[in-house]
Amino acid sequence: MDRFSEELGRIQQDLRFLDVKEVLSVIEKPTGNVYSFFLDYDRGVEDGILAGNYDLVEKSIKFHDFQIKREGARNIVAELFHCNQYTWTDDVLCKIARRGRPADFLELLAFGEKYPMVQLEFRIVSLGSVFQGPCGKRFAPYLGREISKRSLSFGLFGNGWINSCRFLVIRDRE
């Protein structure tokens with residue numbers, strides 16, 4: 001029992017000297033899910049949907065104007081950020097800002113085209129392209145799965161996100 005007490009005392013003393021910022025940086029380290037892919041921003045949404053070869057696509061998805069302001073073609077470096085808990089959109093956006101920027105819809109489509117099987121593991125959300133539906137609520141696109149089929153759909157932007165969601169973050173800031 002003395003040996004246990006001594007070890008516990010050493011651990012408690014070590015904990016007193018931990019830097020809170022250092023602990024937070026360890027907790028929020030990238031998940032190791034870094035991906036790269038090529039994207040032609042001049043390609044339209046419909047072309048991106050077709051190239052992704054999704055099994056199920058929300059019917060109205062191609063009729064929304066996502067107002068993507070980037071042009072040209074380039075290589076993208078992205079991360080799938082995981083909050084490890086049920087979380088609200090505003091909280092996710094604050095955490096994403098420390099890593100880069102939220103992916104837009106074309107970036108999400110290009111990711112789905114290059115890495116089609118990833119969305120079968122978890123929902124991949126793009127918070128960089130939001131549109132307002134006819135009911136006045138805002139929606140964000142995501143790649144998901146329905147049974148064993150790959151899907152492209154929308155989630156409510158202002159609501160919470162289940163803990164299994166991953167958020168596509170573009171790491172190269174513009």
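Phe 111 is buried, with a relative accessible area of 0%; buried means under 20% relative accessible area, exposed over 50% and partly exposed in between, for a 1.4 Å probe and protein chains only. The model is predicted: local features need pLDDT of at least 70 and side-chain atom pairs pLDDT 80 or more, while totals for chains, interfaces and linings use all residues. Residues are numbered from 1 along each chain as its sequence is written, and side-chain values use heavy atoms, without hydrogens and water.

Phe 111 belongs to the buried residues of helix H5, among them Leu 108 and Gly 112. Of the 10 residues in H5 (residues 105-114), 8 are buried. Helices are DSSP runs of H or I with at least four residues, numbered from the N terminus.

The whole structure holds 8 aromatic pairs. Rings of Phe, Tyr and Trp (its six-membered ring) pair if their centres lie within 6.5 Å; planes under 30 degrees apart count as stacked, over 60 as edge-to-face and the rest as tilted. Two of the pairs are tabulated here.

| Pair | Centre to centre | Angle between planes | Type |
|---|---|---|---|
| Phe 111 and Tyr 115 | 5.2 Å | 40° | tilted |
| Trp 161 and Phe 167 | 6.0 Å | 85° | edge-to-face |

Trp 161 and Phe 167 are both buried. Ring pairs also join Phe 111 and Tyr 115 with Tyr 35 and Phe 37 in a cluster.

Charges sit over rings as well (NZ of Lys or CZ of Arg within 6 Å of the ring centre and within 35 degrees of the ring normal). The charged end of Arg 123 is 4.2 Å from the ring centre of Tyr 142, and that of Arg 166 is 3.9 Å from the ring centre of Phe 122.

Methods: Helix = DSSP H or I, 4+ residues; strand = E, 2+ residues; numbered from the N terminus.
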